[in-house]
Amino acid sequence: MADRQWRGARPLKPPGQGRAAHKILAGMAVLAVLLLLSVIIPLVAQAVPALNAAFLFGRAPGSIAPEAVNTVTMVAISAAVSFPLALLAGLYLVEFARPSRWTRAFDQFTGTVLSVPSIVVGLVVVDVAVVRWHWPVSTLTGILALTLMNWPLTVALVVEALQSVPGLYRDGSWALGASRWQTVTRLILPLALPQMIEQGGMAVARLMGETAVLIYTAGVNVGPGWALGGPGESLAVHLWLLRTEGVTDLASSQAAATGVVLLGLVFLVLWGSRRLAEWLQDTA
Amino acid sequence: MRADRIAALVMKGALALFIAVWVMVAVIVGAGAWRFVSANGLVGPLVSSRWSPLAAHYGILAFVVGSMAVTGLALVLAAPGVLALSVTGARILRGAPQRAFIQILTLFVAVPSVVYGWWGLSVAVPLIRRLTGTAGFGPLSAGIVLAVMIVPTFSIMALQTLRQVPSSLVEGSLGLGASEDQTLWHVILPASRAGLSQGFLVAVGRALGETIAVQMVIGGQSRVLSLLKPGATLTTQLLTDLALMPARTPGHDALDFMALWLMILMAVLVWLQSRVRGMSRG
């Protein structure tokens, strides 16, 4: 609206003048988008020869079905564990705790642990779960690692979504006699939910692509069937392994195909969470 | 009101668990780093670049320099792209094309880093190999891959900041007769300083902490900075040596030492971000 106003004022100046830098930047942006597309297009092009039903769904060795199952199950379980825990912690921080030096220090704490590199988390999980607790390198250990990775990000996104609900709504609810708990469950959560779901989709998409944290925790092998204590190579780890160890033509097209499947899952999660968020927004 | 108290108790428990677990993570890394420092000293390993665990030499200088070089290179290479994409998305496109543009950038933010690593191996490394006649693995390739990887993240943040510049400032500038270019350089960009710094720090954090995409193209040798020869960073060395040095060996403590440095660097970046946020308010 405001933008339209100042664009409307443009005829006062000779048109087309004083926009040279904008034009150059637009040209550079086209180049940048092309560069980004150069990540996706060769991937899809190289993947085509390997993308067939036997590779995607087959039971013979070389099929990526077990990796896909491992990825989806590990991500789903970690998300299912970390989201409720993070929701509770976030609700306390925003809706129950009084803002103080401690809550600000906690923001700093979450921000720091949220940016801890995934290989550092991998190192700690190996030291604790694999070495000290004697857990096998398996889907179970992978789930632990992914849960640890996802937890801080989820706390941060819950806090952000809750803070986006205006404080006046809370005042109104309390003034009408509602308790904090009633305010949170009947008013704040329904309002914050769409944003949480959309951002949660981003978090889940990030988990699907996690590689460094899973190499030594979930491992680089797959078992004959899915098991909680069985080897848990994920799609991302498979892609990494094929591309850093394999040099044959077959391996490189399989690596690309694995990447395409991974991207497909990531985009599916993003699309699904966005649609769900929109639907909730509309029905609310 | 009783429900309030029970709920608060459960939530406090969840929060305490979160804090306890992550403090434990820091303690575990810190304990290993402490054992390392008491055996090898604090300064020695930081100024030595000789990394040969079998001879009990743990100089990490090459990795520290490697991390900084790769991150710096990525930011320099990414900067023009970020400027172009954010200005285009915030100030040139309008309406539906703008929304589509932002959605496409968001999709690229979600592309897993291993896919960017794949791109590095399949596109960037062969290109560098052809252009320079070297093997193609090294900090230069890693910087290029990281640059492509952080462009979407950084651009989205910059774009949102540029959009939030109050239109009164923009209209005032145009009304006083400034051209749109002048308005961009002298009003919009300076007014977005805080948000741009924030995006910059996030990009630094992402580049510094990135492991897999860098590991795939950097070559993995401890060597103090040569852009075109295989090198290593803190994160890539952690990845390769985690398999070689099992827990409870002296070499393993060196990994904790490197991990602790990464965590400290991240804490500094987050602290800087909170300072920048204060700047935008005041």
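Biologist: Which elements of chain B have the lowest and the highest mean pLDDT?
Modeller: This is a predicted model. Strand S1 (residues 51-52) of chain B is lowest, at 84. Helix H6 (residues 139-163) of chain B is highest, at 95.

Biologist: And what does chain B average?
Modeller: A pLDDT of 90, with 98% of the residues scoring at least 70. The model's ipTM is 0.90, and its pTM is 0.90.

Biologist: Switching topic. At what angle do helix H6 of chain A and helix H11 of chain B pack?
Modeller: About 30°, with the axes 9 Å apart. Angles under 35 degrees count as roughly parallel, so H6(A) and H11(B) are roughly parallel to each other. Their crossing is left-handed.

Biologist: Which residues make that contact?
Modeller: H6(A) brings Ile119(A), Leu123(A) and Val126(A). H11(B) brings Thr235(B), Leu238(B), Leu239(B) and Leu242(B). By class, the contact of H6(A) with H11(B) has 6 nonpolar residues, 1 polar and no charged.

Biologist: Now domains. How is chain B divided?
Modeller: Into domain 1 (2-47) and domain 2 (61-281). Their C-alpha centres lie 27 Å apart. The contact between them takes 12 residues from domain 1 of chain B and 10 residues from domain 2 of chain B.

Biologist: Which helix gives the largest share of the domain 1 side?
Modeller: H1(B), with 9 residues. Helix H1 (2-40) and helix H2 (43-47) of chain B each supply at least two.

Biologist: What classes of residue are on that side?
Modeller: The side of domain 1 of chain B that touches domain 2 has 9 nonpolar, 2 polar and 1 charged residues.

How values were computed:
Residues are numbered from 1 along each chain as its sequence is written. Chains are lettered from A and ligands numbered from 1 in the order in which they are written. This is a predicted model: local features need pLDDT of at least 70, side-chain atom pairs count only at pLDDT 80 or more; totals for chains, interfaces and linings use all residues. pLDDT is the predictor's confidence in each residue, from 0 to 100. Helices (H or I, at least four residues) and strands (E, at least two) are DSSP runs, numbered from the N terminus. Axes are lines fitted to C-alpha atoms, for helices over the stretch in contact, and angles run from 0 to 180 degrees between N-to-C directions. Angles under 35 degrees count as roughly parallel, over 145 as roughly antiparallel, 65 to 115 as roughly perpendicular and the rest as oblique. A crossing is left-handed if the near helix is turned anticlockwise from the far one by less than a right angle, and right-handed if clockwise. Two residues are in contact if their C-beta atoms, placed from the backbone, lie within 7 Å. Ala, Val, Leu, Ile, Met, Phe, Trp, Tyr, Cys and Pro count as nonpolar, Asp, Glu, Lys and Arg as charged, and the others, Gly among them, as polar. Domain bounds come from an automatic or database domain assignment.
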